[in-house]
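Have a look at the picture first, then read on.

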Amino acid sequence: MEDQELIFKIQQLKQIKPRKDWAVLSKSQIFGNNISDVKVNKALHTGFSLNPFKAYFGRRLVYSLAAFLFIIAGLVGFMKYGSFQDVKVSQKSIASLPSTESALKNSNVEELKLKSQNLINVTKNKPQDFALAIKEIKTATNNLTEAIKNDPKLAGEVAMEVKNNGTLLSVVSETELEQASDALYKTIDEQMIKDLETTTLTEDQKIIFSEAKDLFEQAKYSVVLEKILLINSRQ
Amino acid sequence: MIKSSKEQFSLIYDQYIEKIYRFIYLKVDSQETAEDITSKVFLKGLEAYQKDQEINNPGAFLYQIARNTIIDHYRENDRTKKISTEFTGEIVDPKTNLYEKAVLNESIETTKLAIQNLKKDYQDVIIWHYLEDMPIAEIAEILNKPVGTVRVMIHRGLKSLKDELIQQA
């Protein structure tokens, strides 16, 4: 048995993950209600106000105002675009904008995870499809890198997922794949370093940040991401 | 805005839950036990974090707690076993087999068993270095051993694992 094959077998153990529902339950048991839960509870409490009269008319006023603004926006849109058809198209595209961004992030990350998993299965069961699996994962990695370049905000959002899920990219020692993986980590690192440079850091965080920048110079992009996530966890 | 210690530690939880669970799962017999010990590790971690204990490296800190909690578990288990074999006989947890059969494929199970048969120190360095991609310097910090010693341990651990797997095949 070659060392490479043995390391691959060890890396397969990354498939061992805790059950999601248990992880969530355990977190809530350890940390109790977090800030966002409290916010949700407060909102619910306002909805079931002890003064039904105030709540009813209060909400009616808010709805009336919202309806009024909606009509105004509609009229402005109609005057600007000239026809009902155009108005529909413009409203649709504006409404779908935030969800498209989020979907883009999720689809890119999910695609990468899926292709990484596929690579493991192919290596084990269909060695003849290995080249294709490598190509697919490389494309998925490049797509995610491009998405981050186009929207740098994504870097922070996908960093933890890319790091935690490991993406299994390190399993196979393929030069092209290593390059794609490095490019992805580098893009995320660059953006997050840029963000941290404009953030006020504690002395402790400054030391880690300086280490991260040194590691970046040494092109150890995966370790850099680990350091950056460590800084973020202390903010 | 500065986050409370609880909020800060919840981010550490998000970052390390998978790694710590995996580390523990590879050293115990069932999913249930792994979940139980993982919860204890984070609870102990939070308590220490809230006491303003200085934590420079959360990963090293959590792995250290995990190692100690696993030792406690086996000590406790030994005591329980003595009582149970004397009075009630061996208790078999059906969930163990069910989980392992359903979730883990044969190759993973074989590797897990081979790792469990290694010396404890070898188990740790193999998991950290090859599974969690931890640099040798960081492992040396956790084990409080020189880098050279850790490098030798990794080399020997990998060789032992290879022997175990060949023996199982």
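1. A quick definition before anything else: a helix here is a DSSP run of H or I, at least four residues long, numbered from the N terminus. Keep in mind, too, that this is a predicted model.

2. Start with chain B. You'll find 8 helices and 0 strands there, in the order α-α-α-α-α-α-α-α along the sequence. The chain has 169 residues, and 30% of them count as buried. Among its contacts with a separation of 6 or more, 67% join residues 24 or more positions apart.

3. Helix H6 of chain B is worth a stop. This helix covers residues 120–131, and its 12 residues should span 16 Å at 1.5 Å a residue; the end C-alpha atoms are 16 Å apart, so the two agree.

4. Which residues of H6(B) are buried? They are Asp124(B), Val125(B), Ile126(B), Ile127(B), Trp128(B), His129(B), Tyr130(B) and Leu131(B). Their cover includes helix H1 (3–12) of chain A, along with H1, H5, H7 and H8 of chain B.

5. Just after H6(B) comes Asp133(B), with a positive phi of about 55°. Most residues other than glycine have a negative phi. Asp133(B) lies in the loop between H6 and H7 of chain B, and is partly exposed because 15 other C-beta atoms lie within 10 Å.

6. Chain A has a positive phi to look at as well: Ala219(A), near 65°. Ala219(A) sits in the loop between H10 (203–217) and H11 (221–233) of chain A. Buried or exposed? Ala219(A) is exposed, with 10 other C-beta atoms within 10 Å.

Methods
Residues numbered from 1 in each chain as written. Chains lettered and ligands numbered in written order. Predicted model: local features only at pLDDT ≥ 70, side-chain atom pairs only at ≥ 80, totals over all residues. Helix = DSSP H or I, 4+ residues; strand = E, 2+ residues; numbered from the N terminus. Buried ≥ 20, exposed ≤ 12 C-beta atoms within 10 Å, placed from the backbone. Contact = placed C-beta atoms within 7 Å. Expected span 1.5 Å × (residues − 1).
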